[in-house]
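Biologist: I would like to learn how to read a few features off a model. Could you take me through them, giving the general idea and then the case?

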Amino acid sequence: MDHLEVTPDTFVDEGSEGSERGRLRLEALHELRDVAGDAAVIVHGVGLSIGSHDGWSDGYLRCLDQLMDAVDVAWHSEHLGYTRVGGEFLGTMLSMPRTKEGLELVAERVAAVQERYRVPFLLENVVRLIPDHDSDYTEAQFLNELTSATGCGLLLDVYNLECDRANNGFGIEEFLDELDLTAVREVHVACGVEHRGVLLDVHSRPLRASTLDLAREVADRAPRLETVTYELLDEAVPVLGPDLIAAELGRVREMLESSRTAGPAVAR
């Protein structure tokens, strides 16, 4: 692997109290420092809730502060969505309303993140779980406006696009034709399960051929793409086993090397 992607939310010290809430486990930071000699570390957050109207998670930022201080990070990313409303956790993540007000809110917070951490910052497209809001922009227009206004990059999750196509009839080709792919620095691939006719974004399975084909198309068209990340939940690792996971990473590397832009990396 050339890159290792880590999620700070998964190694928070659950025993911390009061002012210590939002601290990371020291042993996890030590392990990351050891790994950083063999693979570049990139960070992918879940808990920032950058799109919450009433504010994002200060606890997540405190965790990220510790990680950035302890480990050299190539770049970090967050989901373009929200997990809290009125201070209450939703139990899932919802996509942003694509309105002028939503764009201004996220752009202001992206600028604050970029000021706080002087490493590149990417935002990821999330699966649509509820019907679209009234929108001022298409999906691609919203991302284009955001990257143009802030200079942030994109993490394009192609399996999320497949979920949206299966569940909502989302037009992937039209989206890619409209999207400024020069902003894409990272691609996520994954595979979940189908439940009652709904394709779920649960990172637990070997990759579908269609997902790799879509990742290859993006790699062919995204000149600044640096890595493709194969996502797995912790619970899936012992089920799949190291040999199968290594084989999947090999499939991703083979796909990248067959791409005419041939990005340099495979990551978890």
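Biologist: Is Gln66 buried or exposed, and why?

Modeller: Buried means under 20% relative accessible area, exposed over 50%, and partly exposed in between, with a 1.4 Å probe and protein chains only. Gln66 has 14% relative accessibility, so Gln66 counts as buried. Keep in mind that this is a predicted model, where local features need pLDDT of at least 70, side-chain atom pairs count only at pLDDT 80 or more, and totals for chains, interfaces and linings use all residues. Residues are numbered from 1 along each chain as its sequence is written, and side-chain values use heavy atoms, with hydrogens and water left out.

Biologist: Where does Gln66 lie, and what does Gln66 touch?

Modeller: Helices (H or I, at least four residues) and strands (E, at least two) are DSSP runs, numbered from the N terminus. Gln66 belongs to helix H2, residues 58-70. Contact means heavy atoms within 4.5 Å. Leaving out residues up to four places away in sequence, Gln66 touches Gly22, Arg23 and Leu24.

Biologist: How do I read strand pairing?

Modeller: Two strands pair if DSSP finds at least two bridges between them. S1 (3-6) runs parallel to S2, joined by four bridges. Glu5 stands opposite Ile42 in S2. S2 also pairs with strand S3 (residues 73-79), in the parallel sense and over four bridges. There, Val41 has Val73 of S3 as bridge partner.

Biologist: How many residues of strand S2 are buried?

Modeller: Five of the six residues in S2 (40-45) are buried, so the strand is mostly covered. In a regular strand, side chains alternate between the two faces of the sheet.

Biologist: What about Asp2?

Modeller: Asp2 sits in the segment before S1. Asp2 is partly exposed, because its relative accessible area is 29%. The side chains of Asp2 and Arg253 make one of 2.9 Å.

Biologist: At what angle do the axes of H7 and H8 cross?

Modeller: Axes are lines fitted to C-alpha atoms, for helices over the stretch in contact, and angles run from 0 to 180 degrees between N-to-C directions. H7 (209-221) and H8 (236-258) cross at roughly 35°, their axes coming within 9 Å. The contact includes Leu212 and Arg216 of H7, and Arg251 and Met255 of H8.

Key: A polar contact is a pair of N or O atoms within 3.5 Å; within protein, one must be able to donate a hydrogen and the other to accept it, and residues adjacent in sequence count only if both atoms are side-chain atoms.
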